[in-house]
Amino acid sequence: MPETLHERLLALLPELLTALGQTLLMLGIGLLAAVVLGGPLGVLLYQAGRHPAGRFRLPARLLGWAVNTLRSFPFIVLLVALVPFTRLLTGTSIGPLAAAVPLAIAAIPYFARLVEQTLAEVPQGVIEAALAMGATPLQIVLRVLLVEARSGLVLALTVLAISFLSYSAVAGVVGGGGIGDLAIRYGYYRFETDIMILTVAVLVVLVQGIQFTGARLARRLDKR
Amino acid sequence: MSALIRIERVSKTFGSGVPALREVSLQVERGEILGIAGRSGAGKSTLLRMMNLLERPDSGTVEVAGRELTGLSARELRAARQGIGMIFQGYNLLQNLSVADNVAFPLRLHGRLNPPRLRQRIAECLELVGLAGKAGSYPAQLSGGQKQRVAIARALANQPAILLCDEPTSALDAETTRGLLQTLQAVNTEMKVTIVIVSHELPALGALCRRVAVIEEGRVAEDFLLSDLSTPRSTALGRELAFHGAEAAAAQRQGAIHA
């Protein structure tokens, strides 16, 4: 290898940017699915947990069981097992878009549990006060639970984002690309330790950034 | 006076198997302040919570303003609850909402007021409880007494006929309690709101109430006007209440002379 480190990094820059783009795409789709589908699912889990008896008993158990099952899969197994489904959904089983499918499927039950846990910390008395004022169940969710739990929910999403940044590295297995994949291809398979260090440094910056932003936003939202 | 709340032969047993209420009947007259006293676990809170059906009786009926609550649909019950304000020992304010937004909470649930009317109503309610300057504060920035005042403003925002108070002063010091009791008194006399208050603080009940009901072991042991000093009381709590009632009345008369 004739180049200096500086030249090699420069040559790698386009690839690094592409990888960063792929990582953000996978993460974005996964988190969006988690919020849009996992969020309501978390509310359902929370509601089911509050009424363990009564007419919700069976659906509540089925829901909890489904979430646990999905969460039992090691991510790499889920990734492979979902290939037919991924192909059905995106028309391909390779590339970042295809890798986003198993990421989303894993993120939904993960976030649902985080939401359930966060909502459970809203004091019962506030919910009772809203009931006494004639709030509907939907109003209790939207105007009490989500409002009172909002900073906790932001922190839950932060935890999710950081977990799934590292999950997205596994997506390289199906040609998903991304920064983690770059690290494995250059740093591990080609023994280019400096590239490995660079990619890890990028990931460290990303994680710090996500954590800082999440914590800051959560603090600003929290008036307690 | 006519009965605004009519509870008939209401029973309730919780999971533990010990009955919290045993065939209790009680009426609340329109415009009065009724105190409910009792030892811990006597069932006084359960009885109060029957009045807006936060607790549903196993048997018996709860009639408020001529409507039998236990027979209402979920929608009808929500509508009925708008006419029944409630405050709690723990205030139960939304911590992430400003004082103004807390007071607006019940108004926004039913969305009947346009923004200018809404702002006006919030201002009126906060004025009423002496917190006009705190509209933009958050509950965490207020003292306990102030929080309970916000809770009163919130409970009255919908102009209910009834205010249910579940141990409203139990977390407050004596000085703050006195101020809060005066506010409740004013709510009753000036706004004609019927008040039912549960408390284990007998001096507070003696000072505020027209009538008191003593609950023992899930039953109304006695139920009397505090102005009636000639009838001997059958329970220890009843005798104490009568004493505090007489003392408060005497203090008030003296106050009137000095004034």
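What follows is a chat about the cores, a sheet and some helices of a predicted model.

Trainee: Before we dig in, what should I know about the numbering and the model?
Mentor: Residues are numbered from 1 along each chain as its sequence is written, and chains are lettered from A and ligands numbered from 1 in the order in which they are written. The model is predicted, so local features need pLDDT of at least 70 and side-chain atom pairs count only at pLDDT 80 or more, while totals for chains, interfaces and linings use all residues.

Trainee: Great. Which residues touch the most other members in the largest nonpolar core?
Mentor: Among them are Leu103(A), Phe111(A), Leu160(A) and Val196(B), in a core of 128 residues. Such a core is a set of buried Ala, Val, Leu, Ile, Met, Phe, Trp, Tyr and Cys residues joined through C-beta atoms within 7 Å. Buried means 20 or more other C-beta atoms within 10 Å of the residue's own, exposed means 12 or fewer, and partly exposed is in between, with C-beta atoms placed from the backbone.

Trainee: And which helix gives this core its largest share?
Mentor: Helix H5 of chain A, residues 96–119, with 16 residues. Helices here are DSSP runs of H or I with at least four residues, strands are runs of E with at least two, and both are numbered from the N terminus.

Trainee: What does Leu160(A) touch?
Mentor: Leaving out residues up to four places away in sequence, its contacts include Leu31(A), Ala107(A) and Phe111(A). Contact means C-beta atoms, placed from the backbone, within 7 Å.

Trainee: Switching to chain B, what is the strand order in the open sheet?
Mentor: The four strands run S2-S1-S4-S5, with antiparallel pairing. Two strands pair if DSSP finds at least two bridges between them. S1 (residues 3–13) and S4 (residues 59–64) of chain B have five bridges, and Glu8(B) stands opposite Thr61(B) in S4(B).

Trainee: Which strands stand at the edges?
Mentor: S2 (19–29) and S5 (67–68) of chain B; each has a single partner strand, so one side of each is left without a neighbour in the sheet.

Technical notes: Two residues are in contact if their C-beta atoms, placed from the backbone, lie within 7 Å.
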